[in-house]
Amino acid sequence: MLFDVTEISEPVQGFSGVMTATKKGKMRCLARQVDGSTTELLRKNVKFCPNSSVNLFSMTESMSQGSKIESDDAKNLRVINGDTTVTFDRRIKTRDGWVAGVDIIPIPNDCADNATDEVPSESDEKKKKQKT
């Protein structure tokens, strides 16, 4: 689901220790809230670790791209960038507390017609060829 991919070999700290990221790129995805609503996102600098059992959302990468982090009255974390807000409204129980989470659904590149980016999706290329 990544595009504009660069092959890398970088150590990444995860829940289960250090692993190696082998690719870095962009990813179109939906953030699905507990109430079922979705927000389309274009994530940049996404790193792929083939041995990871979970996906992590980098708050600091979001902040580097201009997002603000805040919390609501229910103690959910919110990532806000312009008119877009993603609420981390899922809780993963730990021994002593919880970790905030959100359901992220990758969008296949040929289905991401509404995401804005300088790289056309495969469906955009097909449409362009059909018009000519």
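**Surface, core and fold**

Modeller: This is a predicted model.

Biologist: In which loop is valine 54 found?

Modeller: Helix 1 covers residues 59-64. Valine 54 sits in the loop between strand 3 and helix 1.

Biologist: How much accessible area does the nonpolar patch of Phe15, Val54 and Leu56 have together?

Modeller: Phe15, Val54 and Leu56 form this patch on the surface. Together their accessible area is about 330 Å².

Biologist: Which element gives the largest share of the largest nonpolar core?

Modeller: That core has ten residues, among them Met27, Cys29, Leu41, Phe57 and Phe88. Strand 2 (17-32), strand 3 (38-48) and strand 6 (84-88) each give two or more. The largest share is three residues, and it comes from strand 2.

Biologist: Which residues is cysteine 29 in contact with, leaving aside neighbours within four places in sequence?

Modeller: Cys29 belongs to the largest nonpolar core. Its contacts beyond those neighbours are Thr39, Glu40, Leu41, Arg43, Ile104, Ile105, Pro106 and Ile107.

Biologist: In what order do the elements run from the N terminus?

Modeller: The protein has two helices and nine strands. From the N terminus on, the order is β-β-β-α-β-β-β-β-β-β-α.

Biologist: What percentage of the residues count as buried?

Modeller: Buried means under 20% relative accessible area. The protein has 132 residues, and the buried part is 28%.

Conventions. Residues numbered from 1 in each chain as written. Predicted model: local features only at pLDDT ≥ 70, side-chain atom pairs only at ≥ 80, totals over all residues. Heavy atoms only, no water. Core = buried A, V, L, I, M, F, W, Y, C linked by side-chain atoms within 4.5 Å. Buried < 20%, exposed > 50% of the residue type's maximum accessible area, 1.4 Å probe, protein only. Helix = DSSP H or I, 4+ residues; strand = E, 2+ residues; numbered from the N terminus. Contact = heavy atoms within 4.5 Å. Patch = residues over 30% accessible without salt bridge, like charges linked within 9 Å, V, L, I, M, F, W, Y side chains within 5 Å. Areas by Shrake-Rupley, 256 points an atom, 1.4 Å probe, with all protein chains shown as cover. Salt bridge = Lys/Arg side-chain N within 4 Å of Asp/Glu carboxyl O.
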